[in-house]
Amino acid sequence: MFLWGTATAAYQIEGAVKEDGRGASIWDTFAHEPGRTRDGHTGDVACDHYHRWREDVELMSGLGVNAYRFSISWPRVRPEGDGPVNAKGLDFYERLVDGLLERGIRPVPTLFHWDLPQALQDRGGWMNRDISEIFAEYAATVAERLADRIPLWITLNEPFVHMAYGHALGVHAPGQALLTGALPVAHHQLLAHGLATRALRAAGARQVAITNNCTPVWPASEREADLKAADAYDILHNRLFNDPVLLGRYPDLSAYTTGLDAVRDGDLDIIATPLDALGVNYYNPTRIAAPVDDALPFSDAGVTGHPTTAFGWPVVPDGLRELLTGLKARYGAALPPVLITENGCSTEDTLDDGDRVAFLEGHIAAMRRAMAEGVDVRGYFVWSLLDNFEWAEGYHQRFGLVRVDFETRSRTPRASYRWLRDFLRAEKRAQEQAREQAREQAQNTET
Ligand code: FCB
């Protein structure tokens, strides 16, 4: 069954940051530091999903999705990271999971969507190798309670973005600007992923995936220096996270950095523990030129000649086809089935979001072209169900199929919600008809 879903993340929607024993995360700390987020916005209340989750499940039920990707807040479940388990935190996710299942919606939890417990950051965060083991213990805690009801788990969300924005450039929590010194954060997250995959399976998990943010990389010109920079960027953004998971080895980093000193014997075997799917988040291609200084081995030349979203991101639907067929060409038989775990756009604050409809239509069509070219895609999740706390942009970027009024927290479905609902109904009818035809054919050949 093809999964059609929506996606969200805990810190972006839940709020209730001090309730029922939740510990602080690095995003609580970061968002409260002056100047870190636009207009000082924080996720303290966000969409208040912690209290309004029933309404949100009803919205998904009305939309007709058969899956929901959400994330579990690590500090809600283990407030100190590795200390005592907070039963009330687990109770919340159990209520949500049961509520989804009652509506025929498959729960697809992500265990880490950037909200590291602050207590673990105080011990070095992802620069500290011990965090990988501690993540696997937390993953096991959740699976012991929920594995019987979860068809598919996702370990990490976008370890590239967490490394690059959080630790190399410092524009996300925890706000470190280590540039290529942030590379251990890649390795420790990947190790955490591998250890958690094993821990989840040991606790009864059925299917496990990782979600990587992937981008087609376009060189700014055919000049040697631009080609070389594009290759460096492709390595750092895409291959650094896909190669070890799918092939059990790192790409050659020696030309750009001092390499990955954090790697120990046996780590890559753990990281390459076979997966049931690769989650891919796609937003746009990236155009790369030669470096402008010594800080990084590339510079962002910006994609031109395409429309942009309210966020200024280029809209290139065919980039999704290019990305998917590129993954197939690069990894061949080592590529497991793919899930598009996020795709979507921010628009102006309007209910009449024709731009979002065009965006989704274009990207779903591009995904189908890739499928026709032989890529095994098993699901598509729209980012996002609701307008939410868009990290450093606060509430300024609106990604929701459903509008949220951040004064009253009331929810209003947009035109794109109705479009997707009708699209999913038509999909369902087409599938039923195909099944019916197959039955008739089988009967005809019998008689
Ligand atoms: C992705 C994140 C998600 C959201 C979208 C717009 O990089 O995974 O939380 O912010 O971008």
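**Reading a ligand site and some backbone features**

A: Let's start at the ligand: a polar side-chain atom of H113 lies 2.8 Å from one of the ligand's oxygen atoms. Keep in mind that this is a predicted model.

Q: How do I read a distance like that, and how far from an oxygen atom of the ligand is an N or O atom in the side chain of N157?

A: A pair of N or O atoms within 3.5 Å is read as a polar contact. For the side chain of N157, an N or O atom is 3.0 Å from a ligand oxygen. In E158, a side-chain N or O atom is 2.6 Å from an oxygen of the ligand. As for cover, the ligand on its own has 290 Å² of accessible area, and the protein covers 96% of that.

Q: How many aromatic pairs does the structure hold, and how do I read one?

A: Check the distance between ring centres, then the angle between planes; over 60 degrees counts as edge-to-face. The structure holds 32 aromatic pairs. Take W27 and F30: their ring centres are 5.1 Å apart and their planes are at 75°, so this pair is edge-to-face. Both residues belong to helix α2 (residues 26-31), where they are three residues apart, about one turn of the helix.

Q: Now the backbone. Is the peptide bond from A173 to P174 cis or trans?

A: Omega is the angle to look at. From A173 to P174 omega is near 5°, and the bond is cis. P174 sits in the loop between α8 (159-168) and α9 (183-202). The bond from W383 to S384 is also cis, with omega near 15°.

Q: What about phi: is the value of A46 positive or negative?

A: Here the residue type matters as you read the angle. A46 is not a glycine, yet its phi is positive, near 45°. You will find A46 in the loop between α2 and α3 (49-63).

Notes: Residues are numbered from 1 along each chain as its sequence is written. This is a predicted model: local features need pLDDT of at least 70, side-chain atom pairs count only at pLDDT 80 or more; totals for chains, interfaces and linings use all residues. Side-chain values use heavy atoms; hydrogens and water are left out. A polar contact is a pair of N or O atoms within 3.5 Å; within protein, one must be able to donate a hydrogen and the other to accept it, and residues adjacent in sequence count only if both atoms are side-chain atoms. Accessible areas come from the Shrake-Rupley method with a 1.4 Å probe; for residues, only the protein chains shown count as cover. Rings of Phe, Tyr and Trp (its six-membered ring) pair if their centres lie within 6.5 Å; planes under 30 degrees apart count as stacked, over 60 as edge-to-face and the rest as tilted. Helices (H or I, at least four residues) and strands (E, at least two) are DSSP runs, numbered from the N terminus.
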